[in-house]
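Trainee: I have a protein model open. Please show me how to read it.

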Amino acid sequence: MPNPGSQVRTDVARTVREPAMTDVARLAGVSHQTVSRVLNGHPNVREQTRLRVRAAIAELGYRPNPAARVLATGTSQVIGFVARSSTLYGPEATLTALAEAALEQGFAVSVESVRRIDRLPVADAIGRLLDQRVAGLVVIAPVESANDALDALPDDIPLVSVDGDPRRPTGLVTVDQEAGAHAATTHLLQAGHPTVWHVSGPGDWFDAQGRVAGWQRALTEAGAEIPPLMPADWSAASGYRTGQILARMSDVTAVFAANDHLALGILRALSEHGRRVPQDVSVVGFDDVPEAAYFIPPLTTIRPDFAAVAAASLDLLLAQIRSGQRLGDRRVLTPALISRDSVAPHAPDRRGRRSAKPR
């Protein structure tokens, strides 16, 4: 038998909760972006769709919030962030730096985490943020599937994508992944290594794509042979599995890992196979995680300036909020090479083995 008290609590909750834009979108069978376009009188909406949205608004009794309808007024002191749920150092450091920068500018932050940066989950996350009267949006969009979600946003919403598609013409702040990878590979070549092997990140990540491009460009410019790419994910476990293969290849003397966690796994695999770092194999990572200086040996790596990424993102977003329009601005920030003890000069001895001192 149903519990009457439970039914009363459910009815009360239904009466107290105000309908949101996402509720209108669900009832009308459209995206929240379409509801936003209807509310703002956007011309690129079919009349049949417009009528369906208006009917859903009337049925639910939805009352549009002015701040959610016209984000460019900047009346709200809240900035919405959308990011993929992740424990990876790069995205987490970026998100933390963004939140700190926003607070310094006098804005509160609201974060929506999604499992996948695809159109539907990102659209739902943005809809929830719009219902919170956010003044603008920052989306950490490191994968190709993010483009569909960003392209569907109305032009009147202040938007900055971070670490997104480097081909996007506007509203982008990113680390120059290619420049960082080029610096890492060049550093190893300048140490005398005949070539450099690369353990890459997932192929659908812009970060991974840029790092592959920088690695290849450095080798091509040096006239060095380009070894087969060693694909992996971002984890130390994946680096360890790939390192097991590299450790068995006696001609491998230099490895550029797409991030420091991969490098950690590679270091473990090399050690287990008796390949010393840096005496036998030099290794360079990317990201400069806080633990990188305490690896054995301390890891040479590429350091992105996450605080600078955050500051540039907020600067660009606030400019959009003040102007009331999207700006054709892009900020590409060059990372720095941090030299530690995992790289040494390549100097084969008379028996064909390397003899080097760490530097």
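We go from the whole chain to its cores and then to a sheet.

Mentor: Remember that this is a predicted model.

Trainee: How many helices and strands does the protein chain have?

Mentor: Count 13 helices and 12 strands. Of the 359 residues, 53% count as buried. The protein chain exposes about 16,600 Å². Carbon and sulfur atoms supply 52% of that area.

Trainee: Which residues have the most contacts inside the largest nonpolar core?

Mentor: The general idea comes first. In soluble globular proteins, nonpolar side chains tend to be buried together. Here the largest nonpolar core has 57 residues. Val35, Val53, Val199, Val255 and Val283 have the most contacts inside it. Leaving aside residues up to four places away in sequence, Val35 touches Met21, Val24, Ala25, Val30 and Val53. A second, separate core has 27 residues, including Ala97 and Val162.

Trainee: Now the open sheet of 6 strands: what is the strand order?

Mentor: Strands of a sheet pair through backbone hydrogen bonds, either parallel or antiparallel. In this sheet the order is β2-β1-β3-β4-β5-β11, and the pairing is parallel. The edge strands, β2 (108-114) and β11 (330-333), each pair on one side only. Neighbouring strands are turned by 15° against each other on average, direction ignored.

Trainee: Over how many bridges do β5 and β11 pair?

Mentor: Strand β5, residues 172-175, pairs with β11 over 4 bridges. Find valine 173; its bridge partner in β11 is arginine 331.

Trainee: Which strands does helix α13 touch?

Mentor: Helix α13 (residues 306-323) packs on the sheet and touches β1, β3, β4, β5 and β11. Its direction makes about 160° with that of β4.

How values were computed. Residues are numbered from 1 along each chain as its sequence is written. This is a predicted model: local features need pLDDT of at least 70, side-chain atom pairs count only at pLDDT 80 or more; totals for chains, interfaces and linings use all residues. Side-chain values use heavy atoms; hydrogens and water are left out. Helices (H or I, at least four residues) and strands (E, at least two) are DSSP runs, numbered from the N terminus. Buried means under 20% relative accessible area, exposed over 50%, partly exposed in between (1.4 Å probe, protein chains only). Accessible areas come from the Shrake-Rupley method with a 1.4 Å probe; for residues, only the protein chains shown count as cover. A nonpolar core is a set of buried Ala, Val, Leu, Ile, Met, Phe, Trp, Tyr and Cys residues joined through side-chain atoms within 4.5 Å. Contact means heavy atoms within 4.5 Å. Two strands pair if DSSP finds at least two bridges between them. Axes are lines fitted to C-alpha atoms, for helices over the stretch in contact, and angles run from 0 to 180 degrees between N-to-C directions.
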